[in-house]
Amino acid sequence: MRAFACDLDRTLIAQDYVLRPRTRAALAAARANDILVILVTGRMFQAVRPYLTGPEPVVCYQGAVVADPTTGEFLRHVPIPLALAREAIAAVQEEGFGLNCYVGDELYVARVTPEAEGYASFQHIELHEVGDLMAWLELPPTKLVVVGEAHAMDALGARMRARFGPRLFIAKSLPIFLEFAHPEVSKGAGMQFVAEHVGFTAEETVAFGDGENDLELLDWAGYAVAVENSHPLVLERADLVCPSADQEGVAQVIEAFLGR
């Protein structure tokens, strides 16, 4: 085995959103045994930097970005084409929802709402209020995110998939976050870039995940591990189900692998 590909939220991070000592020790032990540890997340790069524990490239923005953790350089960046992004923004706004818009690793909103504030607080990032997003947006955004009640996001996601089909990658990360990205974007595509860049294969990779946005990652990897209480489709794809983040399930699997 050459690499562990770990979804950051809900696998490495428990409910207080810190890396626990046992998990840190397991990651360090993996690296000491010449195994790469790749963090894979929907988060923007600036929001994931506090959790980076090693030198490997990090997969951010659902795979739209692969970044060098030391220099901050984007090794891969696949934004949404500007015209398509404008079309998606208009469609979401027609439904009565606001959006988070990511350009240049910064977060922009038309106006600051409780939903936007809650999202920014969760991610520990700054909000930039710009007024009319359609008038302001001049560069292709890395991704778009809608924040709302879980069932509303399910329904909106279904309508947006029907409207845009294969032209956009659309998936929920957390139950209240509906994310839009370039159609060639996924965590699996991001990991394929890392594998080619660093020099290992999907067959040599164990991937951990639990959300709808982890499906392509688990399908890509040679061995798929789902965390307890994962999305039903994730459980269907998993070769193994491990304990929850609160029980440091990822660390338990790594420890078991290294103890063989």
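The secondary structure of the protein comprises 10 helices and 14 strands, where helices (H or I, at least four residues) and strands (E, at least two) are DSSP runs numbered from the N terminus. The radius of gyration, taken over C-alpha atoms, is 18 Å, close to the 18 Å given for 260 residues by the globule rule, so the protein is as compact as a globular protein of that length; the rule itself is 2.2 Å times the number of residues to the power 0.38. This is a predicted model, in which local features need pLDDT of at least 70 and side-chain atom pairs count only at pLDDT 80 or more, whereas totals for chains, interfaces and linings use all residues. Residues are numbered from 1 along each chain as its sequence is written, and side-chain values use heavy atoms, with hydrogens and water left out.

Along the principal axes, the C-alpha atoms fill a box of roughly 55 × 35 × 35 Å. Buried residues (under 20% relative accessible area, with exposed over 50% and partly exposed in between; 1.4 Å probe, protein chains only) make up 53% of the 260 residues. Of the contacts (heavy atoms within 4.5 Å) between residues at least 6 apart in sequence, 57% join residues at least 24 apart.

Two packed helices are described by the angle between their axes and the distance between the axes. Here axes are lines fitted to C-alpha atoms, for helices over the stretch in contact, and angles run from 0 to 180 degrees between N-to-C directions. Helix α3 (residues 82–94) packs against helix α6 (residues 150–164) at an angle of about 140°, their axes lying 11 Å apart. This makes α3 oblique to α6, given that angles under 35 degrees count as roughly parallel, over 145 as roughly antiparallel, 65 to 115 as roughly perpendicular and the rest as oblique. In this pair, L84, E87, A88, A91, V92 and E94 of α3 meet M160, R163 and F164 of α6, and the contact residues divide into 6 nonpolar, no polar and 3 charged. In this division, Ala, Val, Leu, Ile, Met, Phe, Trp, Tyr, Cys and Pro count as nonpolar, Asp, Glu, Lys and Arg as charged, and the others, Gly among them, as polar.

Residue Q123 lies in helix α4 (residues 114–123) and, at 5% relative accessibility, counts as buried. Leaving aside neighbours within four places in sequence, Q123 is in contact with R43 and A47.
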